[in-house]
Amino acid sequence: MEDSTEFILQDQGSRMVHSSKDNPILTVATGALLAGLYGMWTMFALPGFRKVPRRLKVPYLPSSKAQIVNAMQLLEGRRGQLVDLGSGDGRLVFAAYSVGLQCTGFEINSMLLAYARVKARWTGVPPSQANFVNKDFWKTDLSNYNNVTVFLAPGLMEVLGEKLLRELPDDARVIACRFPFPQWPHRASQGDGLDQAWAYDISTVRSALGQA
Ligand SMILES: C[S@@+](CC[C@H](N)C(=O)[O-])C[C@H]1O[C@@H](n2cnc3c(N)ncnc32)[C@H](O)[C@@H]1O
């Protein structure tokens, strides 16, 4: 029995080796397809990254529909200016615009920026209500915004929290998607798992951390 199993495995193994040797065109085509897919991914996910220090780099990953719904629920009743830090293809900005906020998206990836701008024009969203700016948000003063959305990476939430506490007005609300701020008390949260979002009121966070 063991002998016949061994024989079958050997036979299948040699057939697999033969099949790829017998089809050099298939091998080349598969390689080219993988290289093409990798090229497309780097084109969309990485441009603009050279200027950002390695520890602060965040690749593109779009918010899910549920995540956007959760974030918008946490913004209910809010008015004024919203900024999305790393706006990607603009989906959080468009959602926030549709609930009446005046929005800005900062994005360093020029391909995603162009996509969001074309989509805004195509769908008739006026630039005065939703605009996309090619800026590194780490180097940008955020004191004009009283609503902030972030979907970034867990490793930089602490340092981002310090920047937001230095710059945001006291009445600001921050919505963190998927990755919460480690030391901040949250006002509310919506959803669970990968789609969870947390709301923080800056005045409450400042009081809790003794920075009021
Ligand atoms: C995880 S994606 C989130 C995209 C979008 N906010 C969403 O929810 O679908 C993070 C985005 O931040 C952008 N990004 C990363 N670092 C940035 C920086 N320093 N300034 C501006 N954009 C940045 C990336 O290019 C990427 O598009």
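How far from an oxygen atom of the ligand does a polar side-chain atom of Glu107 lie? The distance is 2.6 Å. The model is predicted, with local features needing pLDDT of at least 70 and side-chain atom pairs pLDDT 80 or more, while totals for chains, interfaces and linings use all residues. Residues are numbered from 1 along each chain as its sequence is written, and side-chain values use heavy atoms, without hydrogens and water.

**View 1. Residues around the ligand.** The ligand is surrounded by 24 residues, each with a heavy atom within 4 Å of it. The closest are Ser63, Asp84, Gly86, Glu107 and Asp136.

**View 2. Polar atoms at the ligand.** A polar contact is a pair of N or O atoms within 3.5 Å. Ser63 places a polar side-chain atom 2.5 Å from a ligand oxygen atom. Gly86 uses a backbone N or O atom, 2.7 Å from a ligand nitrogen atom. On its own the ligand has 600 Å² of accessible area (Shrake-Rupley method, 1.4 Å probe), and the protein covers 99% of this.

**View 3. The largest nonpolar core.** Such a core joins buried Ala, Val, Leu, Ile, Met, Phe, Trp, Tyr and Cys residues through side-chain atoms within 4.5 Å; buried means under 20% relative accessible area (1.4 Å probe, protein chains only). This core has 29 residues, of which Leu85, Val150, Leu160, Leu164, Phe181 and Trp184 touch the most other members.

**View 4. Surroundings of Leu164.** Beyond its neighbours within four places in sequence, Leu164 is in contact (heavy atoms within 4.5 Å) with Leu85, Leu142, Val174, Phe181, Trp184 and Arg206. Another core, of 24 residues, lies apart from the largest one and includes Leu92, Phe94, Ala96 and Ala197.

Definitions and conventions. Buried means under 20% relative accessible area, exposed over 50%, partly exposed in between (1.4 Å probe, protein chains only). A polar contact is a pair of N or O atoms within 3.5 Å; within protein, one must be able to donate a hydrogen and the other to accept it, and residues adjacent in sequence count only if both atoms are side-chain atoms.
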